[in-house]
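Biologist: I have this structure open and have not looked at it before. Can you take me through it?

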Amino acid sequence: MKASDFEGCVKVMTGQTDAGQETKITVDLDKIRSTGNMCPSTHAYTGAGYCQEVKCFRNPSGHESRLGGKGWSCKGGLTMQFVGQPIRATTDERCPLEEPDIGKSNSCVNGLSEQEIESGIRIFTIKANKAIRYGFYDSLSKDPKGILIDKVDDGCAADLAGLQKGDIVLSVNDFTYFSRKDSKDKFFSDMVSKRKELKFQIVRNGNKKTIIIEPSMCSNPQLKFRGNPKTMNRTFL
């Protein structure tokens, strides 16, 4: 997954959209037809496929119990309450295709503690697909030594060429530095669209070597990972 796609997932979950950019919503009919996995950013899931708005106001009875520990907060002695009419949850395939936990806004925060949610951690999925590609994922976080390989898909071009998770790429086709994440993403995207081979100069266990990767048709299963857009760290699950 490209860094730009990762950031896009976060924008969808937090209710942010770029002008002129349309959010793609699709539905897995077998799994979420009657429920959905995504509420608007100001709403929480109440069950049976419905969301309800969460607001803060004074209530002598205290917080709504279903919202406690789910990442919501109020200041100034106000309490968290459900208000308004329920609305249907929608489905976004970038979050796990499962019902959100009661009181949470989407399934990307299922199973996470309140502290994890507040720190920015989310759970994402990448759809299973078959395409011409190199078959590796680089780390989204910056590494002063080079590009850190985060995952290599079994049986794909990078795997067959000998690339391994943990390899540090010092240069790609004699490019030694990408000043921006999007420039790196665009470079790899352009190269695979033209079916150009990549010459990686890597270091592994202190030893340097050259690996040539030519893109090929490759299938990969659905992937799930835990990521934090604040730190650009990602761990495949």
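**Charges, cores and rings**

Modeller: The structure holds 10 salt bridges. Keep in mind that this is a predicted model.

Biologist: Which residue forms a salt bridge with Lys186, and how far apart are the closest N and O atoms?

Modeller: Asp190 is the partner of Lys186, and their closest N and O atoms are 2.8 Å apart. The two residues are four residues apart in helix α5, so about one helical turn separates them.

Biologist: What about Lys199, which residue does it form a salt bridge with?

Modeller: Lys199 forms a salt bridge with Asp174, with 3.8 Å between the closest N and O atoms. Lys199 lies in strand β9 and Asp174 in the loop between β8 and α5, so this pair ties together parts that are 25 residues apart in sequence. Lys199 is partly exposed at 31% relative accessibility, and Asp174 is exposed, with a relative accessible area of 61%.

Biologist: And Lys104, is it buried or exposed?

Modeller: Lys104 counts as buried, at 4% relative accessibility. Its salt bridge is with Asp101, and the closest N and O atoms are 3.5 Å apart. Asp101 is partly exposed, with a relative accessible area of 28%.

Biologist: Let's move to the inside. How many residues has the largest nonpolar core?

Modeller: The largest nonpolar core has 19 residues. Among those with the most contacts inside this core are Phe136, Leu163, Val172 and Phe188.

Biologist: Which helices and strands each supply at least two residues of this core?

Modeller: The helices are α4 (157-161) and α5 (181-193), and the strands are β7 (147-152), β8 (168-172), β9 (198-204) and β10 (207-213). Helix α5 gives the most to this core, with four residues.

Biologist: Take Leu163. What is it in contact with, leaving aside its neighbours within four places in sequence?

Modeller: The residues in contact with Leu163 include Phe136, Ile149, Val152, Ala158 and Phe200. Ile202, Arg204, Ile211 and Ile213 are also in contact with Leu163.

Biologist: What does the second, separate core include?

Modeller: That core has nine residues, including Cys95, Tyr137, Leu223 and Phe225.

Biologist: Now the rings. How many aromatic pairs does a search of the whole structure find?

Modeller: The search finds seven aromatic pairs. In one of them, the ring centres of Phe225 and Phe236 are 5.7 Å apart and the planes are at 55°, so the pair is tilted.

Biologist: Where do Phe225 and Phe236 lie?

Modeller: Phe225 lies in strand β12 and Phe236 in strand β13 (residues 233-236), so the pair ties together parts that are 11 residues apart in sequence. Phe225 is buried, with a relative accessible area of 0%. Phe236 is buried too, with a relative accessible area of 19%; the cut-off for buried is under 20%.

Biologist: Which residues do ring pairs link into a cluster?

Modeller: The cluster is made up of Tyr134, Phe136, Phe187, Phe188 and Phe200.

Biologist: Which charged end sits over the ring of Phe236?

Modeller: That of Lys151, 5.9 Å from the ring centre. Elsewhere, Arg88 lies over the face of Tyr50, at 4.8 Å from the ring centre.

Biologist: Different topic. Where does Asn106 lie, and what does its side chain touch?

Modeller: Asn106 lies in the loop between β3 (79-88) and α3 (114-119). Its side chain makes a polar contact with the side chain of Ser105, at 3.2 Å. A polar atom of the Asn106 side chain also lies 2.9 Å from the backbone nitrogen of Cys108.

Biologist: Is Asn106 buried or exposed?

Modeller: Asn106 counts as buried, at 1% relative accessibility.

Biologist: Last one, where does Asn228 lie?

Modeller: Asn228 lies in strand β12 (residues 223-228). Asn228 is buried, with a relative accessible area of 10%. A polar atom of the Asn228 side chain lies 3.1 Å from the backbone oxygen of Ser119.

Terms used
Residues numbered from 1 in each chain as written. Predicted model: local features only at pLDDT ≥ 70, side-chain atom pairs only at ≥ 80, totals over all residues. Heavy atoms only, no water. Buried < 20%, exposed > 50% of the residue type's maximum accessible area, 1.4 Å probe, protein only. Polar contact = N/O pair within 3.5 Å; in protein donor to acceptor, adjacent residues only side chain to side chain. Core = buried A, V, L, I, M, F, W, Y, C linked by side-chain atoms within 4.5 Å. Contact = heavy atoms within 4.5 Å. Phe/Tyr/Trp six-rings, centres within 6.5 Å; stacked < 30°, edge-to-face > 60°. Lys NZ or Arg CZ within 6 Å of the ring centre and 35° of its normal. Salt bridge = Lys/Arg side-chain N within 4 Å of Asp/Glu carboxyl O.
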